[in-house]
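Thank you all for coming; I would like to walk you slowly through one structure today. Please have the sequence and the model open while I talk.

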Amino acid sequence: MKKCFNCDKNGKNMYGYSICDSCRSKLRLFTKDTIKKYSENPENFPKEIQRRLDFLDKNYIKKRIKLLHIQE
Ligand SMILES: [Zn+2]
């Protein structure tokens with residue numbers, strides 16, 4: 001078994017990456033029901049993706065400010 005890409009636990013292959021159960025659950029992957037719901041209501045899907053992209057941007061800026069503050 002290969003080590004998880006994110007920690008030292010044993011991982012399982014997922015799309016070419018080795019990931020442990022703990023890190024996998026923290027990804028909060030969409031459930032089959034959620035994916036089904038989105039495919040039945042395609043207009044909601046772009047909104048959700050945009051919400052996630054906004055979150056990513058804000059999170060990136062927060063972490064960057066923190067590191068720049070340390071560097072200063
Ligand atoms: Zn892990």
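This is a predicted model: local features need pLDDT of at least 70, side-chain atom pairs count only at pLDDT 80 or more; totals for chains, interfaces and linings use all residues.

Let me begin with Glu-40, which forms a salt bridge with Lys-36, where the closest N and O atoms are 3.4 Å apart. By salt bridge I mean a side-chain nitrogen of Lys or Arg within 4 Å of a carboxyl oxygen of Asp or Glu. Both Glu-40 and Lys-36 belong to helix α2, residues 32–40, and they stand four residues apart, about one turn of the helix. Glu-40 counts as exposed because its relative accessibility is 53%, and here the cut-offs are under 20% relative accessible area for buried, over 50% for exposed, and partly exposed in between, with a 1.4 Å probe and protein chains only.

Residues are numbered from 1 along each chain as its sequence is written, and side-chain values use heavy atoms, with hydrogens and water left out.

Now the overall layout. The protein chain has three helices and two strands, and along the sequence they come in the pattern β-β-α-α-α; helices (H or I, at least four residues) and strands (E, at least two) are DSSP runs, numbered from the N terminus.

How does the radius of gyration of the protein chain compare with that of a compact globule of 72 residues? The globule would have a value near 11 Å, but the protein chain has 17 Å, where the radius is taken over C-alpha atoms and the globule rule is 2.2 Å times the number of residues to the power 0.38. Taken along the principal axes, the C-alpha atoms fill a box of roughly 50 × 35 × 15 Å. Buried residues make up 12% of the 72 residues.

Contacts tell us something further about the chain. If we take contacts between residues at least 6 apart in sequence, 0% of them join residues at least 24 apart, with contact meaning heavy atoms within 4.5 Å. Two pairs illustrate separation in sequence and in space: Asp-54 and Lys-3 are 51 residues apart in sequence and 31 Å apart in space, C-alpha to C-alpha, and Ile-61 and Lys-9 are 52 residues apart in sequence and 30 Å apart in space, again C-alpha to C-alpha. Asp-54 sits in helix α3, and Ile-61 is placed in helix α3 too. Asp-54 counts as partly exposed because its relative accessibility is 34%, and Ile-61 is partly exposed at 47%.

Let us return to the charges. The protein chain has 18 positive and 9 negative side chains, and the centres of the two sets lie 5 Å apart; Lys and Arg count as positive and Asp and Glu as negative, while His and the chain ends are not counted, and each charge is placed at NZ of Lys, CZ of Arg, CG of Asp or CD of Glu.

How many salt bridges does the structure hold? There are four, and one of them joins Lys-12 to Asp-21, with the closest N and O atoms 3.3 Å apart. Lys-12 is partly exposed, at 47% relative accessibility.

In helix α3, residues 44–71, Arg-52 and Glu-48 lie four residues apart, about one turn of the helix. Salt bridges that share partners join Glu-48, Arg-51 and Arg-52 into one network. The side chains of Arg-52 and Glu-48 meet at 2.6 Å, N to O. Is Glu-48 buried or exposed? Glu-48 counts as buried because its relative accessibility is 13%, whereas Arg-52, at 33%, counts as partly exposed.

Leaving aside its neighbours within four places in sequence, Phe-30 is in contact with Ile-35, Tyr-38, Phe-45, Glu-48 and Arg-52. Phe-30 is partly exposed, with a relative accessible area of 25%.

Finally, please look at two loop residues. Tyr-15 lies between β1 (12–14) and β2 (17–19), and its phi is near 50°, a positive value in a residue other than glycine. Arg-28, in the loop between α1 (21–26) and α2, also has a phi near 50°. Tyr-15 counts as exposed at 76% relative accessibility, and Arg-28 counts as exposed at 67%.
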